[in-house]
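Dear colleague,

I am handing over to you the structure shown below, together with an account of what was found in it. Please keep the sequence and the model open while you read.

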Amino acid sequence: EYHSSFCDAIPSSCIQLRNLILSAFPRSMLLPDPFTPQLKVDMLPEITKAPPLQPTAFAALPDRLRGDLDQHLKGRTRDGFLAELPATMLLPTTADMLASGTRFNVAAMNALVLYVAAS
């Protein structure tokens, strides 16, 4: 439930730690053996349940970007949306870039990926 907050807090250079958090599952859940012959993941009953998300999971996405993204996912893209998308993922100031160690707004990128997956 809190995976998006954790991923936003983990530095982008700590890929293994991020993967560890994203691959965690409840102790009560039994995962299928991935080496089972002819395993059909889309036929598992757990695939129909959406994971719980925090209401703030998409807070890092600007409202205008969310609106444009909704239009794009519905097939009514405005011209130039995909070309402009990478620029919207950049941090606004050099101080922010130096503080985070990257040019990109990692929280916005995580929210974008989660938003597209949830749509």
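I begin with Asp-68, which, once neighbours within four places in sequence are set aside, is in contact with Arg-78 and Phe-81. Asp-68 is part of helix H3. With a relative accessible area of 17%, this aspartate counts as buried, because the cut-off for that class is under 20%. Please bear in mind throughout that the model is a predicted one.

Confidence

The mean pLDDT of the protein chain is 83, and 99% of its residues reach 70 or more. Confidence is highest in H4, at 88, and lowest in helix H1 (residues 3–9), at a mean of 78.

Helix H3 and its partners

Two packed helices are described by the angle between their axes and the distance between the axes. For helix H3 (residues 63–73) and helix H4 (residues 81–88), the axes cross at roughly 145° and come within 12 Å. This crossing of H3 and H4 is left-handed. On the H3 side the contact is made by Leu-65, Asp-68, Leu-69 and His-72, and on the H4 side by Phe-81, Leu-82, Leu-85 and Thr-88. By class, the residues of this contact are 5 nonpolar, 2 polar and 1 charged.

H3 also packs against H6, at an angle of about 35° and with the axes 11 Å apart. Here the crossing is right-handed. Arg-66, Leu-69, Asp-70 and Leu-73 in H3 meet Leu-112, Tyr-115 and Val-116 in H6. The contact of H3 with H6 has 5 nonpolar and 2 charged residues, and no polar ones. Leu-69 is named in the contact with H4 and again in the contact with H6.

The nonpolar core

In soluble globular proteins, nonpolar side chains tend to be buried together. Which residues touch the most other members of the largest nonpolar core? They are Leu-61, Leu-65 and Leu-112, in a core of 13 residues. H3, H4 and helix H6 (106–118) are the elements that give two or more residues to this core. H6 provides the largest share, 5 residues. Leu-112 itself touches Leu-61, Leu-69, Leu-85 and Met-89, not counting residues up to four places away in sequence.

Further individual residues

Arg-18 belongs to helix H2 (residues 15–22). Its relative accessible area is 17%, and Arg-18 is therefore buried, under the 20% cut-off. Apart from neighbours within four places in sequence, Arg-18 is in contact with Cys-7, Ile-10, Pro-11, Ser-12, Val-106 and Asn-110.

Gln-38 is placed in the loop between H2 and H3. Its phi is near 60°, a positive value in a residue other than glycine. Gln-38 has 73% relative accessibility and so counts as exposed, the limit being over 50%.

With kind regards

Definitions and conventions: Residues are numbered from 1 along each chain as its sequence is written. This is a predicted model: local features need pLDDT of at least 70, side-chain atom pairs count only at pLDDT 80 or more; totals for chains, interfaces and linings use all residues. Side-chain values use heavy atoms; hydrogens and water are left out. Axes are lines fitted to C-alpha atoms, for helices over the stretch in contact, and angles run from 0 to 180 degrees between N-to-C directions. Helices (H or I, at least four residues) and strands (E, at least two) are DSSP runs, numbered from the N terminus. A crossing is left-handed if the near helix is turned anticlockwise from the far one by less than a right angle, and right-handed if clockwise. Contact means heavy atoms within 4.5 Å. Ala, Val, Leu, Ile, Met, Phe, Trp, Tyr, Cys and Pro count as nonpolar, Asp, Glu, Lys and Arg as charged, and the others, Gly among them, as polar. A nonpolar core is a set of buried Ala, Val, Leu, Ile, Met, Phe, Trp, Tyr and Cys residues joined through side-chain atoms within 4.5 Å. Buried means under 20% relative accessible area, exposed over 50%, partly exposed in between (1.4 Å probe, protein chains only). pLDDT is the predictor's confidence in each residue, from 0 to 100.
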